Amino acid sequence: MTNIATLDSTIVDRLPAYSKTLFDAKTAKKLTFEEIAKELGRGEVAVAALFYGQAQASPEDVKKLSALLNVSEESLEATMAGFPDRGHSGPMPPVEPLIYRLYEIVQNYGYSFKAIMNEKFGDGIMSAIAFSSKIEKEVDKDGVAWVNISMRGKWLPYTRF
């Protein structure tokens with residue numbers, strides 16, 4: 001059985017109108033983000049970000065989504081071509097348990113991550129723009145499932161002025 005991510009009804013009013021259209025079509029076709037990503041030639045995290053309105057769709061993305069999901073290309077073009085309004089999809093701090101755990105990881109280990117990055121790269125930040133992410137499932141020798149989240153961001157040193 002394949003698990004299909006659907007739209008959380010508690011956040012639908014915080015997302016662009018096209019999000020519901022895309023999720024409804026994705027659900028009807030029983031497609032995973034991984035399957036859609038293969039069709040678009042993008043990473044699955046990037047595709048999910050398109051669905052949540054957190055990334056900008058290219059004209060090619062719109063064309064491929066329209067064909068794959070049987071959604072009007074014109075309606076997607078009109079709504080997905082603008083600039084994303086990032087960061088408004090959920091409350092802060094998060095209340096959804098899995099998202100809260102990710103937030104908690106940053107709360108608990110954020111300063112450790114920062115200190116180690118500063119030691120390795122100097123004074124600066126990791127870009128969330130020149131960025132990619134991947135989520136993988138690992139199963140250990142005992143059959144226990146583990147999540148492996150990788151984040152790859154360009155290092156941006158602070159400049160002196």
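A residue counts as buried if its relative accessible area is under 20%, as exposed if it is over 50%, and as partly exposed in between. The model is a predicted one.

**Exercise 1. Find which backbone atoms the side chain of Ser 66 reaches, and describe the setting of Glu 73.**

Step 1. The side chain of Ser 66 comes to 2.5 Å from the backbone oxygen of Val 71, while a polar atom of this side chain lies 3.2 Å from the backbone nitrogen of Glu 73.

Step 2. When residues up to four places away in sequence are left out, Ser 66 touches Val 71, Ser 72, Glu 73 and Leu 76.

Step 3. Glu 73 belongs to helix H5 and, with a relative accessible area of 22%, is partly exposed.

Step 4. Under the same exclusion of residues up to four places away, Glu 73 touches Val 62, Lys 63 and Ser 66; between Glu 73 and Val 62 there are 6.5 Å from C-alpha to C-alpha, although the two are 11 residues apart in sequence.

**Exercise 2. Determine how many aromatic pairs the whole structure holds, and characterise the one formed by Phe 23 and Tyr 52.**

Step 1. A search of the whole structure gives seven aromatic pairs.

Step 2. In the pair of Phe 23 and Tyr 52, the centres are 5.1 Å apart and the planes stand at 65°; because planes over 60 degrees apart count as edge-to-face, the pair is edge-to-face.

Step 3. This pair links distant parts of the chain, since Phe 23 is in helix H1 and Tyr 52 is in the loop between H3 and H4, 29 residues apart.

Step 4. Phe 23 is buried, with a relative accessible area of 1%, whereas Tyr 52, at 24% relative accessibility, counts as partly exposed.

Step 5. Phe 23 and Tyr 52 form one aromatic cluster together with Phe 33 and Phe 51, and the charged end of Lys 26 sits over the ring of Phe 33, 4.5 Å from its centre.

Note on methods: Residues numbered from 1 in each chain as written. Predicted model: local features only at pLDDT ≥ 70, side-chain atom pairs only at ≥ 80, totals over all residues. Heavy atoms only, no water. Polar contact = N/O pair within 3.5 Å; in protein donor to acceptor, adjacent residues only side chain to side chain. Contact = heavy atoms within 4.5 Å. Phe/Tyr/Trp six-rings, centres within 6.5 Å; stacked < 30°, edge-to-face > 60°. Helix = DSSP H or I, 4+ residues; strand = E, 2+ residues; numbered from the N terminus. Buried < 20%, exposed > 50% of the residue type's maximum accessible area, 1.4 Å probe, protein only. Lys NZ or Arg CZ within 6 Å of the ring centre and 35° of its normal.
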